[in-house]
Amino acid sequence: MPRSAIAPRDRLIVALDLPDVEAAEAMVARLGGSISFYKIGYQLAYAGGLPLVRKLTQSGKKVFLDLKLHDIGNTVARGVESVSRLGATFLTVHAYPQTMTAAVEGRGGSDLRILAVTVLTSYDDADLQAAGYRLGVSDLVEARARQAQALGIDGLVCSPEEAARLHAIVGDEMVLVTPGIRPAGVAAGDQKRMMTPGRAIAAGAAYLVVGRPVTEAADPEAAAQAIHREIAQALG
């Protein structure tokens, strides 16, 4: 789908990084019709949250399953095959060539779209050096994006700082999904490469992943609606 065809209200993905299914369902109820897309990551998935994927999709919501798979090829392929039956829209894998190849194989002809994680938004050049990488963040992100494009991956998870450069490389062929989004005045938390919602959209991001600025707000629905307005202004 071309980036321009994505409805503004569908561009905000709220991360349900909450301790249990009950807390997640309460947040979904509190946000009501203001949010159409949710992310389920490690915390909730390992707390019994996988069945929530089907429950959300059956209620008309979309789900981004953020599991960041990375293992030997057969294990990844069979895992993705299982995930493809849950009804999620997106699934993340780490952007290693063998892993991406296996993920594309595993999703087969399903509607599941595979997103490759380039470099985590909590990493900077020093973190990569400490982990043994010879490339800095920007060079590694670009290299992994080109590999993902060649292997048939549907989209990239990248920091908003890299969105403009990556959009110039992949165009509308791949969607860019950006965590590390912080509205003006909100604490950075553990994010090192971040941007406001409007700037991220203007840079080329198709979807924004926002967790604590919405879920920990005094009025989560109002916080979400403020981000929607900023997205609409950036698109307009």
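What share of the 236 residues in the chain is buried? After that, go through helix α1, residues 21-31, in detail.

Analyst: This is a predicted model. Buried residues account for 50% of the 236 in the chain.

The chain holds 10 helices and 8 strands. Its radius of gyration is 17 Å, close to the 18 Å that the globule rule gives for 236 residues, so the chain is as compact as a globular protein of that length. Along the principal axes, the C-alpha atoms fill a box of roughly 45 × 35 × 35 Å. Take the contacts between residues at least 6 apart in sequence: 66% of them join residues at least 24 apart. The accessible surface is about 10,200 Å², and carbon and sulfur atoms make up 51% of that area.

Now helix α1. It spans residues 21-31, and its buried residues are V21, A24, M27, V28 and L31. These cover an arc of only 125° around the axis, which puts them on the same side of α1. The face turned away from that buried side carries the exposed residues E22 and A29. Nonpolar side chains tend to be buried together in soluble globular proteins.

What does the buried side of α1 meet? Its buried residues pack against β1, β2, α2 (42-58), α9 (212-215) and α10 (220-235).

At the start of α1, a side-chain oxygen of D20 comes to within 3.3 Å of the backbone nitrogen of E22. Just after α1, G32 adopts a positive phi of about 55°.

Next, the strand partners. Strand β2 covers residues 37-40 and includes K39. This lysine has 10% relative accessibility; buried means under 20%, so K39 counts as buried. Its side chain makes a polar contact of 3.4 Å with the side chain of D66. Beyond residues up to four places away in sequence, K39 touches I13, V14, A15, L16, D17, F64, D66 and V209.

The segment before β1 (12-15) contains D10. D10 has a relative accessible area of 16%, which makes it buried. Leaving out residues up to four places away in sequence, D10 touches S36, F37, K62 and Y207.

P8 is also found in the segment before β1. At 36% relative accessibility, P8 is partly exposed. Setting aside residues up to four places away in sequence, P8 touches H228, I231 and L235. The C-alpha atoms of P8 and Q225 are 11 Å apart, although 217 residues separate them along the chain.

Finally, the nonpolar cores. The largest has 64 residues; L16, I40, L65, L91 and L156 touch the most other members. A second, separate core has 14 residues, among them I13, F37, L115 and V177. Back in the largest core, L91 is one of those touching the most other members. Apart from neighbours within four places in sequence, L91 contacts L65, L67, L69, V80, V83, L112, R113, I114 and L115.

E22 and A29 sit exposed on the face turned away.

Notes:
Residues are numbered from 1 along each chain as its sequence is written. This is a predicted model: local features need pLDDT of at least 70, side-chain atom pairs count only at pLDDT 80 or more; totals for chains, interfaces and linings use all residues. Side-chain values use heavy atoms; hydrogens and water are left out. A nonpolar core is a set of buried Ala, Val, Leu, Ile, Met, Phe, Trp, Tyr and Cys residues joined through side-chain atoms within 4.5 Å. Buried means under 20% relative accessible area, exposed over 50%, partly exposed in between (1.4 Å probe, protein chains only). Contact means heavy atoms within 4.5 Å. Helices (H or I, at least four residues) and strands (E, at least two) are DSSP runs, numbered from the N terminus. A polar contact is a pair of N or O atoms within 3.5 Å; within protein, one must be able to donate a hydrogen and the other to accept it, and residues adjacent in sequence count only if both atoms are side-chain atoms. The arc is that of the directions from the helix axis to the C-beta atoms. The radius of gyration is taken over C-alpha atoms; the globule rule is 2.2 Å times the number of residues to the power 0.38. Accessible areas come from the Shrake-Rupley method with a 1.4 Å probe; for residues, only the protein chains shown count as cover.
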